[in-house]
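Here's a quick tour for anyone meeting this structure for the first time. Take a look at the chain below, then read on.

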Amino acid sequence: MGSNNSSRFNQETFMFFKILDKLIYHITAFCFLSASSIAFIQVISRYVFNSSLSWAEEALRYLFIWMFFLASAAAFKEKLHVGLDIIVDSFNQKLQTVIHTVIDILLIIFLSYLVFYGYLFAYENMAQLSTALEIPIGLVNSAIPTGSALMILYLVRNIYLRFKDGENQ
């Protein structure tokens, strides 16, 4: 009976991350396509029509902020962040697992700090509106705690999989 509950938990967790992965990739792709389109339209309007869009630069900046934090979370999922693998790979498998886990725990601590203070920062700026788009600055700032929380989720998942599978991931 315990094995059945564990299997169900693993299936539900797998489905949760599968949906989360798709959501992150789709939102990031939407931000990228939107930013590319806005930049293209801005170039055309500036050089062909000799008039620029007042909101384009601000929209691009905010899209890139969200893209950065979402893509960073996706990079944690894929384990694509820069590391000193040459040094770590010279150790035995058990020590590699310990080193990767310690690094992940330190990252979780740092990202928890970003979630907490990023939330406070975003909340404090919800009343302030951006100049051109007139959207709450807190919505832009909420990319910090959102992306950091997603990174924590992936780090916890990576630690779990590392010990579940007995592999150095």
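Which residue caps the N-terminal end of α4? That's N92, with a side-chain oxygen 3.2 Å from the backbone nitrogen of K94.

Before going further, two notes on the ground rules. This is a predicted model, where local features need pLDDT of at least 70 and side-chain atom pairs count only at pLDDT 80 or more, while totals for chains, interfaces and linings use all residues. Residues are numbered from 1 along each chain as its sequence is written, and side-chain values use heavy atoms, with hydrogens and water left out.

**Overall picture**

- The protein has 6 helices and 0 strands; helices (H or I, at least four residues) and strands (E, at least two) are DSSP runs, numbered from the N terminus.
- Reading from the N terminus, the elements go α-α-α-α-α-α.
- The C-alpha trace spans about 65 × 40 × 30 Å along its principal axes.
- The radius of gyration is 20 Å, whereas a compact globule of 169 residues would come in near 15 Å (the radius is taken over C-alpha atoms, and the globule rule is 2.2 Å times the number of residues to the power 0.38).
- Buried residues account for 34% of the 169 residues; buried means under 20% relative accessible area, exposed means over 50%, and partly exposed is in between (1.4 Å probe, protein chains only).
- Take the contacts (heavy atoms within 4.5 Å) between residues at least 6 apart in sequence: 72% of them join residues at least 24 apart.
- The accessible surface is about 11200 Å², and 69% of that belongs to carbon and sulfur atoms (areas come from the Shrake-Rupley method with a 1.4 Å probe; for residues, only the protein chains shown count as cover).

**The nonpolar cores**

- In soluble globular proteins, nonpolar side chains tend to be buried together.
- The largest nonpolar core here has 17 residues, and I24 and Y154 touch the most other members; such a core is a set of buried Ala, Val, Leu, Ile, Met, Phe, Trp, Tyr and Cys residues joined through side-chain atoms within 4.5 Å.
- At least two residues of this core come from each of α1 (2-47), α2 (56-78), α4 (93-124) and α6 (143-165).

**Helix α4**

- How far apart are the end C-alpha atoms of α4? They are 46 Å apart, which agrees with the span its 32 residues should have at 1.5 Å a residue (the expected span is 1.5 Å times one less than the number of residues).
- Its buried residues are Q96, T97, H100, T101, D104, I108, L111, G118 and A122.
- The cover over those buried residues includes α2, α3 (85-88), α5 (137-141) and α6.

**Two residues in helix α2**

- S72 sits in helix α2 and counts as buried because its relative accessibility is 10%.
- The side chain of S72 reaches the backbone oxygen of F68 at 2.8 Å, and S72 touches H81 and M151, not counting residues up to four places away in sequence.
- K77 is in helix α2 too, and at 18% relative accessibility K77 counts as buried.
- The side chain of K77 makes a polar contact with the side chain of E78 at 2.8 Å; a polar contact is a pair of N or O atoms within 3.5 Å, where within protein one must be able to donate a hydrogen and the other to accept it, and residues adjacent in sequence count only if both atoms are side-chain atoms.
- Beyond neighbours within four places in sequence, K77 is in contact with D21, Y25, Y154, R157 and N158.

- K79, in the loop between α2 and α3, has a positive phi of about 60 degrees although it isn't a glycine, and is partly exposed at 39% relative accessible area.
- E134, in the loop between α4 and α5, has a positive phi near 55 degrees and isn't a glycine either; at 56% relative accessibility, E134 counts as exposed.
- A143 belongs to helix α6 and is buried, with a relative accessible area of 0%.
- A143 and G118 are 25 residues apart in sequence, and their C-alpha atoms are 8.3 Å apart in space.
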